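Visitor: I am new to protein models. Could you show me how to read a few features, one by one?

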Amino acid sequence: MITVPFLDLRVTDDEERAELIAAVEAVLRHGRIMLGPEVAEIERRVADYIGLKYAAGVGSGTDALLLAFRALGIGPGDEVITTPLSFIATANAIRLNGAMPVFADIDDDLQLDPATIESLITPKTRAIVPVHWSGKVCRMEEIMAIADLRGLLVVEDCSQAFGASRHGHKAGTWGKVGCYSMNSMKAFASLGEAGMILTDDPELRAKIEALRYNGLINREFCHYVSHNGRLDTVQAAMMLKRLDRYERVLAAREETARFYDAHLSDVVRVPRREAGCRDVAYTYQIQTDRRDELQSHLTAQGIETKVQHNPLMPHQPAYQDCRSACPNADRLIKRTLCLPVSEKVTSAQREAVVAALRGFFGR
Ligand SMILES: Cc1ncc(COP(=O)(O)O)c(C=O)c1O
């Protein structure tokens, strides 16, 4: 039986492993271990790739969000409207700054639904945080129109959508700031924990640079209360190698996603493709009324799948005091399932996924 893991974080390509080891060795030799030249280089390369002026490397995607909100002065008394469907770090970063998340609803593509935002806006609302869930950019034209009209900041959580674009604009370039997780499970993956904050605003960049290292200006004066959230140089060195390979990673993921599109759309709802949009296959979400039964069937066939992210953020025990209105998310979280789509999935493995899934539906 062919087994299909959801993810395999081993570095199995000998050429890649040699490149990564050489990159680490170079850091060990030059010895500029903290904020070494590789950090500046990956920041410049990522900023160029996304098409923004500045990128600041930080310790994780959680740090990216936390420091971006802090840099924008979002804090006690403020409300931030976001999606109910994200990894809990999105809400935690808002809350850790003393602000309150308010959860709007999602559309049938699982993205923050612009139509559900306006009714939640109050005089306390400061920002909207779209999460480009599972590699698809939200309906940003509509979200930006609301934000502009109501004078709200937009902070994009691009953790799952590095390189995705909508009508020529990449994830992270729509709002004031784009925040990225580059942990090992992401499509653009470090070998551990990493994140980045991107912006075109030089003042914001300077503030983020201070905030990511205990609020210190020139290593001496502490202007802001903050923590150590710097990106590690060894990690940056390996990320440079991973960036060189990134388009190949996306192409491999896309091949599996297209295969699923072609062979599954008559039995389950597959992700909707929109003209002029480049989705990156971070996860591949299908929707079906028989989700739980299907997941058990696939598990029995050696195919690992995931339900992301249940419970929804507003239903987490720590978030019971937040406003939310998300009936569609409540409905969809019972129907969605993520199939393995990483770049390591082989053609035999994707065929096994399709055969098992079609078999379940008697097709
Ligand atoms: C949408 C989203 N936001 C934030 C995060 C937090 O990133 P990290 O795990 O790097 O702190 C993640 C990933 O785990 C994520 O998927």
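Guide: Let us begin with a loop: aspartate 289 sits between strand S13 and helix H9. Helices (H or I, at least four residues) and strands (E, at least two) are DSSP runs, numbered from the N terminus. The model is a predicted one, where local features need pLDDT of at least 70 and side-chain atom pairs count only at pLDDT 80 or more, while totals for chains, interfaces and linings use all residues. Residues are numbered from 1 along each chain as its sequence is written, and side-chain values use heavy atoms, leaving out hydrogens and water.

Visitor: Is aspartate 289 buried or exposed?

Guide: Buried means under 20% relative accessible area, exposed over 50%, and partly exposed in between (1.4 Å probe, protein chains only). Aspartate 289 has a relative accessible area of 67%, so it is exposed.

Visitor: Which side chain does the side chain of aspartate 289 make a polar contact with?

Guide: A polar contact is a pair of N or O atoms within 3.5 Å; within protein, one must be able to donate a hydrogen and the other to accept it, and residues adjacent in sequence count only if both atoms are side-chain atoms. Here the partner is the side chain of arginine 335, at 2.2 Å.

Visitor: How do I read a helix such as H9?

Guide: An α-helix has 3.6 residues a turn, so residues three or four places apart point the same way. In H9 (residues 291–300), the buried residues are Arg291, Leu294, Gln295 and Leu298. Seen down the helix axis, they fall within an arc of 100 degrees, so they line one face of H9; the arc is taken from the directions from the helix axis to the C-beta atoms. Asp292 and Ala300, on the other side of H9, are exposed.

Visitor: What do the buried residues of H9 pack against?

Guide: Contact means heavy atoms within 4.5 Å. By that rule they pack against strand S13 (284–287), strand S14 (336–339) and helix H11 (347–360).

Visitor: Which ligand atom lies 2.7 Å from a polar side-chain atom of aspartate 157?

Guide: That is a nitrogen atom of the ligand. For serine 181, an N or O atom of the side chain is 2.7 Å from a ligand oxygen atom.
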